[in-house]
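Hi everyone, thanks for coming. Please have a look at the structure on the screen, and I'll walk you through a few parts of it.

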Amino acid sequence: MAVIERIWSDHSVRALFRGVAWTGGAAAIERLVGLVQAYYVARLLGIDAFGKYGLLFTTIALVSMVTGLQLGLTATVQISRYLTSRPHRAAAVMRLCEFVTLSLSVIGLVAILFAPEAIAHWLLDSPFGGQVIVAGALIALFAVAGGVQEAILQGFEEFARLSIARVVTSLLGFVLLLIMGRAGDLTSVITAIAVASMARTLLLFSLKEAATRRLGLRTRMSEIIAAAPVIVEFSIPSLLISLVSGLSQWYGLLMVKQGATGFRDLAFVTVGVQWRSAVVFATTILASVAVPMMSRLLASGDTAATRRIHRLNIAANLLAAGAVVAVVLSAASHLLAAYGDEFQSGQLPFTLVVTTSLPGVYIVVLQNLFVSQGRMFEVLMQTIVQGAMQIVVYWVVVPRYGVSGFAAATLFSTFATCVVVHIWVASSDMRTC
């Protein structure tokens, strides 16, 4: 009891748990709504179209990484670091991130509009899927724009308002899907999600502007230009991290698609990834609170508090991930049956994909400390190791063992990377933390 009281007496620890409580509650509701939505979409579309749905959203995520330059993470870390000590710098980084992401997103959307039918034919084996690709491009645009608004609010540590907005927009998205997706085709489903993404972005933008006025943040064009080097120092390595990770996974999925039952197999992977996300969401919650907090504490020179937050981050994530994985795997047959009878034959890849979340969570938690210090090139090197390993193993295993080989290769490469990152951290000179 005395230990708990001593921990709780620390202001930084209390702030962490308040942020986690708000963010965790919102993320839990979002995840629940997302899983119910996935069940609905799977039954609405059928297994083959659901596989196309999964591949399309993996591609949307990859496009969003490129057009967004991972400036959301940059905004969170930089704004939390300078909000108190150099508010003009924080405002400059905020406006820079917004301008760059919006510009690149619009350029990406225009490029896709030149040949949506050709992209649909190549990606989805559908020569008449141009409308799906256009709607997917809009989702990518709003994901990038809305992601930056959310990241800025995290940098402001506006966790309560952000959490409420996330819950409201996730529920709105499901209602829109029920109304607009009743036609039962991929186009109507993706269009409904695009409309929900736009609504989410507009709400987050209004919340961020209100917080900006409340905090009295002002900047000038000269300060925005002066903040530009942060893109090279932080955003470019962050982008490359996500790009390497995303491309290696995407390469594996394209190899699965080439099999005789490609889109059917992709549906199994999509279900596994959705439930893996249910495990990883705990990491995302804590990271969204812990990273800006550790960044702020390091900027103030409070390394002891930073160490405490990091240790709590590790312990809470591993406990939460282990508990959720145990529950999900014990109920795997029932969960798959809920998607439809055809999904029950995918239990092996489902189990393997969900299990990858355990070493994956540990990797992310260790890397959170590097991210909070801005040591992005070290995280990039770790990600390159994982990406290269995945591509080689996919190339060897997937053509022979199909979707089960993809899942096993993902688990192997993630676990191997976990060992590499653990050794890296243990041997690293952590002078700043």
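**A walk through the helices**

Let's start with helix H13, residues 303-330: it has 28 residues and reaches 41 Å from its first C-alpha to its last, close to the 40 Å expected at 1.5 Å a residue. That expected span is 1.5 Å times one less than the number of residues. Helices here are DSSP runs of H or I with at least four residues, strands are runs of E with at least two, and both are numbered from the N terminus.

A word on where this comes from: it is a predicted model, where local features need pLDDT of at least 70, side-chain atom pairs count only at pLDDT 80 or more, and totals for chains, interfaces and linings use all residues. Residues are numbered from 1 along each chain as its sequence is written, and side-chain values use heavy atoms, leaving out hydrogens and water.

How many helices and strands does the protein chain have? The count is 17 helices and zero strands. Of its 433 residues, 55% are buried; buried means under 20% relative accessible area, exposed over 50%, and partly exposed in between, with a 1.4 Å probe and protein chains only. Back in H13, the buried residues include Ala305, His310, Asn317 and Val328.

Now for the inside. The largest nonpolar core has 64 residues, and Phe50, Tyr53, Trp275, Tyr339, Phe343 and Phe350 touch the most other members. Apart from that core lies another, of 27 residues, among them Leu71 and Ala211. A nonpolar core is a set of buried Ala, Val, Leu, Ile, Met, Phe, Trp, Tyr and Cys residues joined through side-chain atoms within 4.5 Å.

Next, the charged pairs. A salt bridge is a side-chain nitrogen of Lys or Arg within 4 Å of a carboxyl oxygen of Asp or Glu, and by this rule there are eleven. In one of them, Glu98 meets Arg95 at 2.9 Å, N to O. Both lie in helix H5 (residues 87-113), three residues apart, about one turn of the helix. Glu98 counts as buried because its relative accessibility is 12%, while Arg95, at 27%, is partly exposed.

Which parts of the chain does the bridge between Lys257 and Asp125 tie together? Their closest N and O atoms are 3.9 Å apart. Lys257 lies in helix H11 (residues 229-257) and Asp125 in the loop between helix H6 (116-124) and helix H7 (130-155), so the pair joins parts 132 residues apart in sequence.

Finally, Glu30, Glu150, Arg166 and Arg200 are linked in a network of salt bridges.
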